[in-house]
Amino acid sequence: MAQNLIKLENVYFYYTKIAEAQKDVFDPAGLQKKFGITVAMTKAEAKEFKKLKLNKTVKEISGEEFIAKYKAIPDALKNDDDEYFLISVTTKATYPDGNPTPEWTYPKAYILQNDKPVESTKTLIGNGSFGDLRISTKESKNSGSLNVSLHSILVRDLVPYETRGDEWANPGQDDAAADVDVPF
């Protein structure tokens with residue numbers, strides 16, 4: 001059961017959850033948490049990724065769907081076919097009983113500063129940030145297929161994470177108090 005690392009270069013990051021684990025929406029008991037990221041890539045990169053035959057599906061969406069969900073299409077991804085390619089990769093932060101996994105298993109985030117990667121895992125990474133993704137693969141004990149999990153990211157171009165205010169967050173308070181940002 002050897003673990004291998006695969007690097008996907010020049011991808012765009014969306015819904016990055018590395019600074020803090022989030023509840024696993026597929027856990028009916030609500031005990032489990034995971035780290036995760038969605039990356040957008042070019043058609044050529046998606047084609048190469050599919051050749052790796054991992055247990056990860058490359059999702060293809062239209063430009064209209066991309067804009068509705070992610071708000072903007074990076075210029076480098078724009079194409080005449082109006083097809084955009086995404087994969088989502090996660091790593092467990094807890095065991096099924098809700099107890100945390102060891103911290104050394106958590107994914108890391110690095111930000112390129114002065115041409116050197118600096119570990120910055122607690123930095124919130126905004127949608128549209130650009131860089132490289134490293135995923136780990138491990139052969140499944142039962143099926144023999146390759147399982148994929150989030151290992152680390154290198155952010156080459158950081159889009160700061162922005163929270164948005166919610167007009168209902170502070171009902172009945174003056175405008176200055178209503179401008180308080182509430183994270184979603």
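**Figure 1. Asn99 in a loop of the predicted model.** Asn99 is partly exposed in this predicted model, with a relative accessible area of 44%. The residue belongs to the loop that runs between strand 4 and strand 5. Although Asn99 and Lys33 are separated by 66 residues in sequence, their C-alpha atoms lie 9.4 Å apart in space.

**Figure 2. Overview of the protein chain.** The chain contains 3 helices and 10 strands, and when these elements are read along the sequence they follow the pattern β-β-α-β-α-β-β-β-β-β-β-α-β. Of the 184 residues in the protein chain, 35% are buried. Where contacts join residues at least 6 apart in sequence, 65% of those contacts link residues that are at least 24 apart.

**Figure 3. The two sides of helix 2.** Helix 2 spans residues 63-70, and within this helix the residues Gly63, Phe66 and Tyr70 are buried. Viewed down the helix axis, the buried residues of helix 2 fall within an arc of 60 degrees, and they therefore line one face of the helix. Glu64 and Ala68, on the other side of helix 2, are exposed. The helix is followed by Lys71, a residue whose phi is positive, near 80 degrees.

Figure 4. Ser120 is located in the loop between strand 6, which covers residues 116-119, and strand 7, which covers residues 129-139. With a relative accessible area of 18%, Ser120 counts as buried, because the cut-off for a buried residue is a relative accessible area under 20%. When residues up to four places away in sequence are not counted, Ser120 touches Ala109, Tyr110 and Ile111. Lys108 is 12 residues from Ser120 in sequence, and the C-alpha atoms of Lys108 and Ser120 are 7.6 Å apart in space. A polar contact of 2.3 Å joins the side chain of Ser120 to the side chain of Thr123.

**Figure 5. Ser129 in strand 7.** Ser129 has its place in strand 7, where the residue is buried, with a relative accessible area of 0%. Leaving aside neighbours within four places in sequence, Ser129 is in contact with Val11, Tyr12 and Phe13, and also with Val155, Asp157, Leu158 and Val159. For Val159, the backbone nitrogen lies 2.9 Å from a polar atom of the Ser129 side chain.

**Figure 6. The largest pocket and its lining.** The largest pocket holds about 1000 Å³ of space. Its lining is made up of 34 residues, and those that lie nearest the centre of the pocket are Thr91, Lys92, Ser136, Lys138 and Ser149. Two or more lining residues are given by each of strand 2 (33-41), strand 4 (83-92), strand 5 (108-113), strand 7 and strand 8 (146-157). Strand 8 supplies the largest share of the lining, with 6 residues. By residue class, the lining of the largest pocket divides into 10 nonpolar, 15 polar and 9 charged residues.

Methods:
Residues are numbered from 1 along each chain as its sequence is written. This is a predicted model: local features need pLDDT of at least 70, side-chain atom pairs count only at pLDDT 80 or more; totals for chains, interfaces and linings use all residues. Side-chain values use heavy atoms; hydrogens and water are left out. Buried means under 20% relative accessible area, exposed over 50%, partly exposed in between (1.4 Å probe, protein chains only). Helices (H or I, at least four residues) and strands (E, at least two) are DSSP runs, numbered from the N terminus. The arc is that of the directions from the helix axis to the C-beta atoms. Contact means heavy atoms within 4.5 Å. A polar contact is a pair of N or O atoms within 3.5 Å; within protein, one must be able to donate a hydrogen and the other to accept it, and residues adjacent in sequence count only if both atoms are side-chain atoms. On a 1 Å grid over the protein atoms alone, a cavity is a set of points where a 1.4 Å probe fits but cannot get out, and a pocket is an open set with protein on both sides within 12 Å along at least five of seven lines; lining residues have an atom within 4 Å of a point. Grid points are joined across faces, edges and corners, and a volume is the space filled by probe spheres set on the points. Ala, Val, Leu, Ile, Met, Phe, Trp, Tyr, Cys and Pro count as nonpolar, Asp, Glu, Lys and Arg as charged, and the others, Gly among them, as polar.
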